[in-house]
Amino acid sequence: MLSSARVQAPERRRPQPWLIRVTHWLNVPLLLIMAASGLQIWVAYPMLGPQGRPYGWYPFQGVPPPEWMRLGSWLAGARHWHFAFAWFLTLNGVAYVLYLALSGEWRRRLFLPRRDARNALDTLAFYLRVRKHAPAQGLYNGLQRLAYTGTLALGLLAVLSGLVLYKPVQLGALTSLLGGYDAARAVHLVILVLLALFTVGHIALVLLHPRSLAEMVTGGRKPDA
Amino acid sequence: MPRHLLTRRKALLGATSLTVSACDSSRPREGFLGAMERFNARAQAALFDERRLAPELPPEETTPPGKFPEYFVSDTVPLAPTGWALQVGGMVARPGVLTLDALQRLPRTDLRIRHHCVEGWSAVASWHGVRLSELARYAGADARAGYVELRSFDAGYHSSWDRPSAFHPQTILAYGMNGQPLTPGHGAPLRLYSGVKLGYKMVKYLTKVNFLPEPTGGYWEDRGYEWFAGV
């Protein structure tokens, strides 16, 4: 059991403790493998909606993704990649969430609407040049907390919708919860698109603030006592 | 410490080449991917609950006429040879041959459930036929026969099933679809249909059902697709 005496308060810790760094960087190959093998699986039937009733809102019915984005060569190969590495992505996520919960890191990382909503709006106003000065912040501003908490929620939903696609009958309760097999397939693809968009923004902002990249590599400096 | 760096680099390179050779997409049954597939097969079998049923769907969910895909591996639609009958063999007390009439005299089961294809699409039809467990009872299948092999007249297409999935109440030998006799495109005169496996496990154009002590692979399974393939 982690006693409060042995666990440092997050404010006294390095900006990026080692478990955060390890799980963060493991996500890079794991998410790439899952996305690329997922797109190869998608090629076998690049449509949304059940047979004979394609979803009208989906604009790219029948359009397969380009070959350079794919991994696994063919459907069976890609499925083996996807179902092998899904375990490691899930374990990585579980390790991260457990660490957040037990260490108290969730307090400075997760988006708590009452605390962070105002700051998120002010930061957005600052980025949009509506506001002159960035609002005061600790490790993260409200907008960062919203983005990172959002990706965590997307990750959870990716795993749940993926489980529905893998075992729609054995996990029937989960299938109904997500609105059925074909709905879960749409959810799974939309999450991929959202995570890809997040990654583009994430990399762009890291390039604007290179210190955050250094901290995610070295852990950063402990705050002065 | 150049020496320390060198060993770390070597270790990294070694790990990378190991990953590359252990993850060969053209041979997914080998190396690391193969080990994970065997792990996943055990996980799927453990998750399988023989009492859990695929939900019965209302008629409105039926896939529109002509939109339920028709798959076979022959160049043209396989047609039943004259005098077709189903051979039942392996570890059974009463091996023999059943005509379509004889099969239709066994208790009939009707299903309207979702079909899940390995490609990712789903479709819905109603199917009627006789439970595979009913045929096993009729033929006196041995309790030690842990697997069921299904063979067809579609260019050697075949598959084999674990007993719990084969004996599931929603696993039937179907001779009808949407209230009509099966058409050649959907596996006439007799095909396997089930709520608990992916489509490629449901052998069409059946010729033989054998109750066996060992699994015997399958057409797609031997080419690299998962053998268990539960849904």
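The model is predicted: local features need pLDDT of at least 70, side-chain atom pairs count only at pLDDT 80 or more, and totals for chains, interfaces and linings use all residues. Residues are numbered from 1 along each chain as its sequence is written, while chains are lettered from A and ligands numbered from 1 in the order in which they are written. Helices (H or I, at least four residues) and strands (E, at least two) are DSSP runs, numbered from the N terminus.

A bend of about 30° occurs in α1(A) at Asn27(A), with a proline, Pro29(A), following within four residues; the bend is the angle between axes fitted to the seven residues ending there and the seven starting there.

Between the chains, 34 residues of chain B are in contact with 24 residues of chain A (C-beta atoms, placed from the backbone, within 7 Å). On the side of chain B that touches chain A, α2(B) gives the most, with five residues.

Helices α2(A) and α2(B) pack at about 70°, their axes 9 Å apart (lines fitted to C-alpha atoms over the stretch in contact, with angles from 0 to 180 degrees between N-to-C directions). This contact is made by His80(A), Trp81(A), Phe83(A) and Ala84(A) with Leu33(B), Met36(B), Glu37(B) and Asn40(B).

How values were computed: Two residues are in contact if their C-beta atoms, placed from the backbone, lie within 7 Å.
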